[in-house]
Amino acid sequence: MYRLPALPLLLALAAASLLSVWFSLNTGSAPVDIREAIRTPDSTAARILWELRLPRTAAAFVTGALLGLAGALMQVLLRNPLADPYVLGVSGGASFGALLALLAGAGTAALQGSAFAGALLSTLLVFSLAHGRGSWDTTRLLLTGVVLAAGWGAMISLLLALSPAQQMQGMLFWLMGDLSYAQLPVAGTAGLLVVAVTAIFLSPSLNVMAGGELYAAARGVAVNKVRTLIYLLGALATALAVTQAGNIGFVGLVAPHLLRLAGARDHRVLIPAVILLGGTLLLCADALSRSLIAPRQLPVGVLTALIGVPMFLFLLYRSRRPDG
Amino acid sequence: MADQTSPPLLRCIDTTVTIAGMPVTRQLNMAIEAGQCWCILGRNGAGKTTLLHTLAGLRAANAGRIECLKLELHKYRRRQLARHLGVLLQDQESPFPVSVLETVLQGRHPHLHTWQWETAADVEIARQALSMVGLESFDQRNIQTLSGGERQRAAIAALLAQDTQLLLLDEPTSHLDLHHRIQILERLVQHCRDSSRALVLVLHDINLAARFADRALLLLGDGVTLHGEADEVLQTGTLERLFGHPLVAVETRVGRAWLPA
């Protein structure tokens, strides 16, 4: 039966999440014994654990989960398994919004708001510009997204070129994503909970929405309401991820795709699973980016792009159906 | 068959439908009762699909009202309406891999509560629908690997699983081979007679229409319509005017048929 794989899959993903948290807490330039750090709260080991590794681990997991959710939601919204907040320029819009607020000297709330506005604007642009006659055309959608992403990239570079360099987080943070600046993700976790609960609540409608809006309406989905919600949730998740860790790509593409391959095609399974897998993937990628060329660190966005780009190209290649 | 005391499943009251300023119907008044099988005929671009979408509440009528069981369509919540009337749309395709059984189970969506799994009863309904269209052994196949005709039958099964009293089908016979065209229509008509449902079929083939429908609605262009008992409406002269092509009527063992002259 199609329902059986759900529970073992979710349990396996939960176990993988815990393992990756352990892996991440144990990884870094200085060797830290976690048990000892917990026993002696005043030691250097404890400080490294509580002040550096834990916030970074939490930020990586929450960011990955947010990106996975944003990807899965945008794929339904645009009816295309290649949709990803980074590829479509939505992360770029959020980065630009956040950077603009930062330069204007705005506080945290205004920063989040501005990133959210950038993500919304970007989704709206992709949504309206890529709408072919009747249905979504992959080529048109990707082209629109790629051009938008390039545009945001240029705007970000411009802002950075005009700003006093030492005040800003690195260029790479806004273009490729980096968890080195990550702090304990308070807003991110709260936002993740809101997005996750709403998305799980919507998941039966998401299954039907994937078949098209007319089809969903005929099956009893209040299409306008659901579309608006998906749109807001996707933008919110992207904005929160970007303000936390910059412009990290491809998690939103890779996580839902791996799950569909594993048989989680029903959104009632896919949505909770993508939270766990997105978090796990980014956590592992970040731990690797800290240890591969230790003591130096790679920005995690570089690593996700190195994994994501070949996968994206493979998917694009495979989506050419023989019947055209 | 129709119970005179129960309200019609669907009633058009002075319904005007236009596409880009071109009228499809002008102040149409008609009622679709349980047990009836309607066909909608018209030339290409006459607005058959637009009219069907309007009857299903997927778009609003330009003027007039459409009621389902005495309540106007737009006053229903979508989920509620989808329990009364189901639609088969043209050329449905999913961009994601989905199994045939999952596709058919989506027909159960209006009957489920939020975040409720389909029950064994829902799966049973879906399997019965699959066997009605002869796809019972295809349940685990990915819908994207099916042929056009098989996909069409799966879509019809999903509509049957929706278990509505009124079924609106846009070109149900498209992609179907000769045998399945007859078989599927026969089973649909039988199913609706047995459980006093109503069918509305948008068809291209006048011979299939004459064979299966007992009511007909002709879209003659410029908002002019003709509707009534199929035997009275489907006359050679009227059909010639409808399609703008001379026809020859032939009496056969399975009823009257028309050939383009």
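**Notes on the two-chain model**

1. Buried residues make up 45% of the 261 residues in chain B; here buried means that 20 or more other C-beta atoms, placed from the backbone, lie within 10 Å of the residue's own. Please keep in mind that this is a predicted model, in which local features need pLDDT of at least 70 and side-chain atom pairs count only at pLDDT 80 or more, while totals for chains, interfaces and linings use all residues. Residues are numbered from 1 along each chain as its sequence is written, and chains are lettered from A in the order in which they are written.

2. Chain B holds nine helices and 12 strands (DSSP runs numbered from the N terminus: H or I of at least four residues for helices, E of at least two for strands). Its radius of gyration is 18 Å, close to the 18 Å of the globule rule for 261 residues, so chain B is as compact as a globular protein of that length. That radius is taken over C-alpha atoms, and the rule is 2.2 Å times the number of residues to the power 0.38. The C-alpha trace of chain B spans about 50 × 40 × 40 Å along its principal axes.

3. Of the contacts in chain B with a separation of 6 or more, 66% join residues 24 or more positions apart. A contact means C-beta atoms, placed from the backbone, within 7 Å.

4. On to the interface: 25 residues of chain B are in contact with 25 residues of chain A. On the chain B side, α2 (78-84), β6 (85-88) and α3 (100-105) each supply at least two residues, and the largest share, four residues, comes from α2(B). The residues on this side divide into 15 nonpolar, seven polar and three charged (Ala, Val, Leu, Ile, Met, Phe, Trp, Tyr, Cys and Pro count as nonpolar, Asp, Glu, Lys and Arg as charged, the others, Gly among them, as polar).

5. In chain A, helix α5 (residues 108-129) has 22 residues and should span 32 Å at 1.5 Å a residue; its end C-alpha atoms are 31 Å apart, which agrees. The expected span is 1.5 Å times one less than the number of residues. Among the buried residues of α5(A) are A:Leu111, A:Phe116 and A:Val126. Their cover includes α4 (90-103), α6 (138-162), α8 (186-209) and α10 (223-245) of chain A.

6. The axes of α8(A) and α10(A) come within 10 Å and cross at roughly 150° (lines fitted to C-alpha atoms over the stretch in contact, with angles from 0 to 180 degrees between N-to-C directions). Residues meeting here include A:Gly188 and A:Val195 in α8(A), and A:Leu229 and A:Leu236 in α10(A). This contact divides into 11 nonpolar, five polar and no charged residues.

Conventions: Contact = placed C-beta atoms within 7 Å. Buried ≥ 20, exposed ≤ 12 C-beta atoms within 10 Å, placed from the backbone.
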